Amino acid sequence: MDPVAARLTVSPACLALAGSLRDFDPKDALATSARLRRDGHEPALVAAAMSLAELRREARPRLGDAADAMVFHRAGLEQASRAVVSGLHAERFAAAGCTAVADLTAGLGADARAVAARGLGVVAFEADEATAILAAHNLAAHNLAPWPAARVVHGDSLALLAEADVDGVFADPARRNARGRRHDPADYSPALDRVLDLAPRYRALGVKAGPGLPHEAVPPGFEAEWVSVDGDVVEVGLWAGAAAHGEGHAALVIRGDRHHRIAGPTDRADAGALGAYLLEPDGAVIRAGLVGVLAERLEARLVDPQIAYLTCDAVPPATPFARAYRVIERLPLDVKVLAKELRARDVGTVDIKKRGVDLTPEQLRPRLKLRGSGRATLVLTRLEGRHAALLVEAVPA
Ligand SMILES: C[S@@+](CC[C@H](N)C(=O)[O-])C[C@H]1O[C@@H](n2cnc3c(N)ncnc32)[C@H](O)[C@@H]1O
């Protein structure tokens, strides 16, 4: 989006028109656009309002009803933190005793809004002019009493940070550029190291990074917390100073409006024979390297030294950190055998999970040619160094 389009998006006319389109169905886009033009609205305004209405609809699952008062462009929405995660970022700064936080990479302001809503001052820097215009709108509500000031500064945060009177610093560096997704933290914008180097100068520092961040990239003295939301690993937060709960690795598992935390050493668990139950650790626990800690808590063992499935003999205790399955049958990973077994059970729909096996569910499913009426879950993995398929059923949580 360019600055001209951004100014049109935040214009009163566009906000009013987008507001009137709250329930519009994108399938009716042509008819809606024709109707609005017949009503005398300029084509550019109609396009901007319809695009905004559509982005608000897409934003609702991530940002809640607040999305209806916000403005977006697509790239900014795709990068915006979920409201539940932004709220927890903000909570860290509040609990650290910060009074004002600089957001070095405001984007459309999802994280900065959460900090302001938590009652802290915010200086939100954004390098891209159009994005800064939209962020200023999204933060405007927080300039009203009783909120402390929240302001957006268009420019390079690293060059301007020294002028901001803040005691906390947050950054969510851009992990995409014109060449696509950047995996090397040195290619983030701003580069991860440059942000981490700020830690000693502030009371609290937090950085949101991609969940694939290698463990070696976590500097000594930082806490690294991998976060999953309803099963998807969304980020690793690197926290320092008063914002860190401690040093080392943690996993935060968010399900609905509840969150659960596990932390500890990243030692490996022992592997052993398959028991009566299989446990699939949450992705955040795996990324954090905390499968060993979880295994100890659940009195479980790995099914294979290289594979992050756990197994145990007795019904495992209920845990938010893993899904539990009862093992019904252990089968060879052989298409003919699996097809015969599943057909004998009248299975028509099979959910397939896999770890440590190249065969994908998309490759296997059509080869099974199932026509039954039942449903089953298959886990493809390695046991004692050999491929195997486990027919399992979920243990109710
Ligand atoms: C991943 S997005 C931030 C999303 C934001 N946390 C949210 O939840 O809405 C990163 C943003 O940082 C901006 N950015 C990158 N380098 C910057 C810099 N040096 N100064 C200010 N902004 C920067 C990009 O333009 C982009 O909009």
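Helices (H or I, at least four residues) and strands (E, at least two) are taken here as DSSP runs and numbered from the N terminus. The structure is a predicted model, in which local features need pLDDT of at least 70 and side-chain atom pairs count only at pLDDT 80 or more, while totals for chains, interfaces and linings use all residues. Residues are numbered from 1 along each chain as its sequence is written, and side-chain values use heavy atoms, with hydrogens and water left out.

The overall layout comes first. The protein holds 14 helices and 18 strands, and its C-alpha atoms fill a box of roughly 65 × 60 × 40 Å along the principal axes. Buried residues (under 20% relative accessible area, with exposed meaning over 50% and partly exposed in between, for a 1.4 Å probe and protein chains only) make up 49% of the 397 residues. Contacts are counted for heavy atoms within 4.5 Å; of those between residues at least 6 apart in sequence, 68% join residues at least 24 apart. The accessible surface, computed by the Shrake-Rupley method with a 1.4 Å probe and, for residues, with only the protein chains shown as cover, comes to about 18,800 Å². Carbon and sulfur atoms contribute 50% of that surface.

The buried positions are V291, G292, V293, L294, A295 and L298. Their packing partners include the strands β11 (258-264), β12 (277-281), β13 (301-304), β14 (307-312) and β15 (322-332), along with helix α11 (283-288). After α12 comes E299, whose phi is positive, near 50°.

T131 lies in helix α8, which spans residues 129-140, and is buried with a relative accessible area of 7%. Setting aside residues up to four places away in sequence, T131 touches H73, G107, L108 and E126. A83, by contrast, is partly exposed at 36% relative accessible area and belongs to helix α6, residues 83-95. Beyond its neighbours within four places in sequence, A83 is in contact with R62 and L63.

Charged side chains supply links across the chain. With a salt bridge defined as a side-chain nitrogen of Lys or Arg within 4 Å of a carboxyl oxygen of Asp or Glu, the count comes to 23. E223 forms one of these with R92, the closest N and O atoms being 2.7 Å apart. E223 lies in strand β8 (residues 223-229) and R92 in helix α6, so the pair ties together parts that are 131 residues apart in sequence. Both E223 and R92 are buried. The side chain of E223 also meets that of R261 in a salt bridge, at 2.2 Å from N to O. This second pair links strand β8, holding E223, with strand β11, holding R261, across 38 residues. E223 is buried, with a relative accessible area of 2%, whereas R261 is partly exposed at 32%.

Another such link is the salt bridge between D351 and R375, at 2.9 Å from N to O. Here D351 sits in strand β16 (residues 347-354) and R375 in strand β17 (residues 374-383), 24 residues apart. D351 is partly exposed at 28% relative accessibility, and R375 is exposed at 59%. Salt bridges that share partners also join R22, D23, R60 and D68 into one network.

Lys and Arg are counted as positive and Asp and Glu as negative, leaving out His and the chain ends, and each charge is placed at NZ of Lys, CZ of Arg, CG of Asp or CD of Glu. The mean positions of the 49 positive and 51 negative charges are 6 Å apart. Patches are made of residues with over 30% relative accessible area and no salt bridge, joining like charges within 9 Å and nonpolar side chains (Val, Leu, Ile, Met, Phe, Trp, Tyr) within 5 Å. R343, R367, K369 and R371 form a positive surface patch. Of these residues, R367 is found in helix α14 (residues 361-368) and counts as partly exposed at 47% relative accessibility.
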